[in-house]
Amino acid sequence: MKKKKFKVIGIILGIVCLSLLALYVNHRIQLSREQDLLKPLGKLVEVDGKKMSIYTEGSGEQTIIFMSGSGTCSPILDFKSLYASLSDEYKIVVVEKFGYGFSDITDASRDIDTILENTRTALIKAEVSGPYVLCPHSMSGIEALYWAQKYPSEVSAIIGLDMSVPKAYENMQINIPLMKLLQFSANIGVTRIGNFSESAAIINGNLTDEEKDIYRALFFIRTLTNDMLNEAANIKSGAEKVGNNEMPQIPILLFCSDGSGGTGYTKEQWQGMQADFAKQTNSEIIYLDCGHYIHDYEYSRIADEIKFFLD
């Protein structure tokens, strides 16, 4: 009886291993076919011996810096639906942090000071001068606030795209072991099963078919990179540092979602934290009835509100 039981277990394990091997082989074949899609959309500049991607478009007296949320595989394309409606009046810049988009993957520290200095160095190398209007999505809200705290002369305003505030990380549990397991799954090609690559930018934005293909190709090589994991491991300490400092009193416009699609909070919790933050700062809040990637759902309205705010 035991021999039969072990035999069944062995067969099951064999099937699982063969399935994973087939997924991995297919993944490597598809990655090779997708190489032609992975030509940088912006400019690559050297930061600490690695290449960092910076995309610029348009011109104007004010420069808007778009800063992506955690795990966004293609910041340049993720923000495109929004900045395409702004670049006729402003200079827009998308910074792709290490491990994101067309930037290199590193094993360097991803604490808040390192991330901010990387961003500032990349902008200097790309000859993009301030002062800047920072436009962070989600977790980058912490970096934007820290930027305004540490270098106040460089930041004229902040436009939060459902940006995180320090309070959001006080009780949040960051499950790094689970994230590493998901990273392993992505690296062997499990993410090619189903519609994991169909992001809000692809489904709801106004990307061309070619841009959607580029986004998908980036998704398969920029899902939970080491930099993204290291960044997540450091975010609570970064949020605490920002929370212990005085909040910047520059003009802030907050676009706030209903909390669904990635915040980890209910609508009441998420909007409540944004409202509490607004009371501490010179902030205006615009509530939107959509998910966390608001710039892929309400990009037309957000563009109009940004123009009104800046003009």
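## Labels and their cut-offs

Reply: Y55, F66, F79 and Y83 form one aromatic cluster. This is a predicted model, where local features need pLDDT of at least 70, side-chain atom pairs count only at pLDDT 80 or more, and totals for chains, interfaces and linings use all residues. Residues are numbered from 1 along each chain as its sequence is written, and side-chain values use heavy atoms, with hydrogens and water left out.

Me: How many aromatic pairs does a search of the whole structure find?

Reply: It finds six. Rings of Phe, Tyr and Trp (its six-membered ring) pair if their centres lie within 6.5 Å.

Me: Why is the pair of Y55 and Y83 called tilted?

Reply: Planes under 30 degrees apart count as stacked, over 60 as edge-to-face, and the rest as tilted. Y55 and Y83 have 35° between the planes, so the pair is tilted. Their rings are 5.6 Å centre to centre, and the limit for a pair is 6.5 Å. Y55 lies in strand β2 (residues 50–57) and Y83 in helix α3, so the pair ties together parts that are 28 residues apart in sequence. Helices (H or I, at least four residues) and strands (E, at least two) are DSSP runs, numbered from the N terminus.

Me: What makes Y55 and Y83 buried or exposed?

Reply: Buried means under 20% relative accessible area, exposed over 50%, partly exposed in between (1.4 Å probe, protein chains only). Y55 has 16%, so Y55 is buried. Y83 has 1%, so Y83 is buried too.

Me: Why does D48 count as exposed?

Reply: D48 has 67% relative accessibility, so D48 counts as exposed. D48 sits in the loop between β1 (43–47) and β2. It has a positive phi of about 55° although it is not a glycine.

Me: And L224: buried or exposed?

Reply: Buried, because its relative accessibility is 18%. L224 is in the loop between α8 (209–219) and α9 (226–244). Phi of L224 is near 50°, a positive value in a residue other than glycine.

Me: How do you know that the span of helix α11 agrees with its length?

Reply: The expected span is 1.5 Å times one less than the number of residues. Helix α11 (residues 299–310) has twelve residues, so it should span 16 Å; its end C-alpha atoms are 16 Å apart, which agrees.

Me: Which residues of α11 are buried?

Reply: They are Y299, I302, A303, I306, K307 and L310. They cover an arc of only 135° around the axis, which puts them on the same side of α11. That arc is taken from the directions from the helix axis to the C-beta atoms. The face turned away from the buried side carries the exposed residues D304 and F308.

Me: What makes K97 a charge over a ring?

Reply: NZ of Lys or CZ of Arg must be within 6 Å of the ring centre and within 35 degrees of the ring normal. The charged end of K97 sits over the ring of Y100, 5.0 Å from its centre. The charged end of R192 sits over the ring of F220, 3.9 Å from its centre.

Me: Which residues touch the most other members of the largest nonpolar core?

Reply: I65, L123, L134, W147, I158 and F277, out of 43 residues. A nonpolar core is a set of buried Ala, Val, Leu, Ile, Met, Phe, Trp, Tyr and Cys residues joined through side-chain atoms within 4.5 Å. The largest share of this core, six residues, comes from helix α5 (residues 140–150).
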